[in-house]
Amino acid sequence: MRIQTHTQLDGLTSGISVSAFAQAIAEAAAQNEEIAAYYRSTGFQPIWTDNDEASTARRSALFRAMKRAPDHGLPDYDTAAVMRQLEGVASLRDLGRLEVAMSQLFVAYAQDINSGVLTPSKVDSGIVRKVPRKSGTTLLTALADADPHHYFKTLPPKAPEYARLMKEKLKLEGLMANGGWGPTVPAKSLKPGQSGAAVVALRNRLIRMGYLNRSASQSYDAAIQTAVQLFQQDHGLTADGVAGASTMAQINQSLQNRLGSIVVAMERERWTNFDRGDRHVWVNLTDFSAELVDHGRVTFATRSVIGKNQHDLRSPEFSDVMEFMVVNPTWNVPRSIATKEYLPMLKRNPNAVSHLKLIDSRGRVVNRSRVNFKAFSAKSFPFAIKQPPSKRNALGLVKFMFPNKYNIYLHDTPSKSLFGREVRAFSHGCIRLSDPFDFAYELLSKQTADPEGKFHSVLNTGRETRIDLDQPVPVHLVYRTAIAPVKGRVNYRRDIYGRDAKLWQALQNAGVALRGAEG
């Protein structure tokens with residue numbers, strides 16, 4: 001890709017030429033300090049617009065990446081405008097402006113594919129994740145010193161999940177261009193033994209989705225029931241083989257919606273494109289699960305309960321580091337809960353929630369009979385509320401701490417029945433674990449030969465006790481409605497908080513589009 005220029009562009013080493021070229025770069029880069037800083041640091045030397053082998057290779061690598069950007073669910077970067085500039089160079093000033101335009105194109109692409117198109121918190125206030133973003137100066141410097149074709153390959157996330165999601169994206173786009181999954185099922189629910197047009201539609205859709213071998217059956221037979229069970233397992237539903245209302249709602253999801261989930265999941269992978277830790281905790285809110293991962297392999301998994309789908313109660317998304325656990329914890333009731341939930345109860349009946357203690361500003365337990373609760377508002381309420389350690393404690397018998405300003409942690413709970421629910425969004429934001437003792441044993445297994453014995457020796461004292469982790473463990477609270485396992489089909493989960501719908505709309509606003517047309 002040789003740049004054809006006017007003869008006056010030859011001999012950039014002349015003082016006048018260098019000055020004109022440098023001035024054009026300085027002016028064109030004035031609106032982007034990171035790019036301007038790079039060129040100042042190199043004395044305004046070009047990296048794109050020379051006709052040497054290195055510049056030619058960079059241009060080739062850049063335009064090849066632009067062509068493949070839609071595979072990654074990235075926006076249209078308007079490479080046509082840059083191509084027009086390239087073809088129309090007639091002066092050194094044109095060449096300088098082209099040089100900056102190509103750097104701008106590269107930096108936009110490199111930042112997007114490496115750490116995401118969107119700023120998470122601008123889309124939803126519950127996504128408080130901090131995304132490490134490489135500066136334009138850093139990216140240009142690295143490119144200038146590297147083999148460009150190899151360097152471009154290092155930019156996307158290296159997590160295997162990202163590659164699996166992209167493979168599924170390309171597959172679904174091809175399927176969408178060829179009619180998708182066919183007609184939706186015209187029924188609110190179906191069950192084994194039924195027959196008719198709706199069952200035939202269910203059969204055909206399951207075949208197109210890959211859950212059922214070709215069949216001419218007109219009835220909801222054992223084969224269809226097994227296919228429905230497999231579908232339910234892949235979608236976080238109760239696997240009873242009955243196509244009830246919640247199952248049918250998922251079966252009738254459009255291929256376009258599933259593609260949107262894939263693209264959003266790829267964006268979320270770019271947000272977590274950093275070292276997650278050889279050992280880390282992975283909490284997927286939409287899956288109501290918590291896992292302990294060692295060197296890429298899940299070594300422990302349990303069900304979880306997440307925050308209610310209400311304002312200020314939804315569990316946030318972020319990463320932090322677990323430093324310790326507290327056995328036999330005291331529950332220090334957050335002020336928001338104390339004033340919004342408990343104060344109205346105490347106004348009606350001073351003896352309500354008798355298992356909780358009122359504490360004054362000097363740390364003394366308050367005699368309720370001497371308090372006129374009706375005299376206080378949420379703002380003026382002067383007491384703290386605590387629940388001492390016990391099996392009835394709202395935190396159960398252990399909590400796992402990764403200190404953060406959102407006051408979120410993992411913990412036990414006395415409300416065990418909730419783990420049997422299909423949708424488990426009931427907490428005030430913290431993550432409740434179905435098997436907290438087993439989780440504690442796994443965490444302690446790295447620092448003691450008898451983790452179970454160690455844990456119970458502390459538990460049996462009945463006293464609140466902190467156990468530090470010798471090796472702190474990163475914790476990642478994530479939200480993935482599309483999950484690509486190592487083996488098997490891609491799994492999908494419901495957008496319980498509506499966050500992915502917001503993200504997909506924001507990505508579309510940023511220029512991301514699906515290829516193919518659903519039939």
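**Ground rules**

I am working with a predicted model, where local features need pLDDT of at least 70, side-chain atom pairs count only at pLDDT 80 or more, and totals for chains, interfaces and linings use all residues. I number residues from 1 along each chain as its sequence is written, and side-chain values use heavy atoms, with hydrogens and water left out.

**Entry 1: the whole chain**

I started with the secondary structure and found 17 helices and 14 strands. Both are DSSP runs numbered from the N terminus: helices are H or I with at least four residues, strands are E with at least two.

Next I looked up the extent of the C-alpha trace, which spans about 95 × 70 × 55 Å along its principal axes. The accessible surface comes to about 24400 Å², and carbon and sulfur atoms hold 50% of it. Those areas come from the Shrake-Rupley method with a 1.4 Å probe; for residues, only the protein chains shown count as cover.

Of the 519 residues, 49% are buried. I use buried for under 20% relative accessible area, exposed for over 50%, and partly exposed for in between (1.4 Å probe, protein chains only).

I also checked contacts, meaning heavy atoms within 4.5 Å. Among those between residues at least 6 apart in sequence, 68% join residues at least 24 apart.

**Entry 2: charges**

I find 68 positive and 49 negative charges, and their mean positions are 9 Å apart. Lys and Arg count as positive, Asp and Glu as negative, while His and the chain ends are not counted. Each charge is placed at NZ of Lys, CZ of Arg, CG of Asp or CD of Glu.

**Entry 3: salt bridges**

My rule here is a side-chain nitrogen of Lys or Arg within 4 Å of a carboxyl oxygen of Asp or Glu. By that rule I get 24 salt bridges.

I opened E27 and R93, whose side chains meet at 2.4 Å, N to O. E27 lies in helix α1 (residues 15-28) and R93 in helix α5 (residues 92-115), so this pair ties together parts that are 66 residues apart in sequence. E27 is partly exposed at 44% relative accessibility, and R93 is partly exposed at 30%.

Then I took E422 and R494, a salt bridge of 3.1 Å, N to O. E422 is in the loop between β9 and β10, and R494 is in the loop between β14 (491-492) and α17 (499-509), so parts 72 residues apart in sequence are tied together. E422 is partly exposed at 23%, as is R494 at 25%.

E161 is buried at 14%, whereas R164 is partly exposed at 25%.

I also noted a network of salt bridges that links D124, R268, E317, R499, D500 and K502.

**Entry 4: D412**

Is D412 buried or exposed? I read 5% relative accessibility, so D412 counts as buried. D412 sits in the loop between β9 (410-411) and β10 (425-427). Its side chain makes a polar contact of 2.7 Å with the side chain of K416. A polar contact is a pair of N or O atoms within 3.5 Å; within protein, one must be able to donate a hydrogen and the other to accept it, and residues adjacent in sequence count only if both atoms are side-chain atoms.

Leaving aside neighbours within four places in sequence, I list contacts of D412 with A394, L395, G396, L397, V398, L433, P436 and F437.
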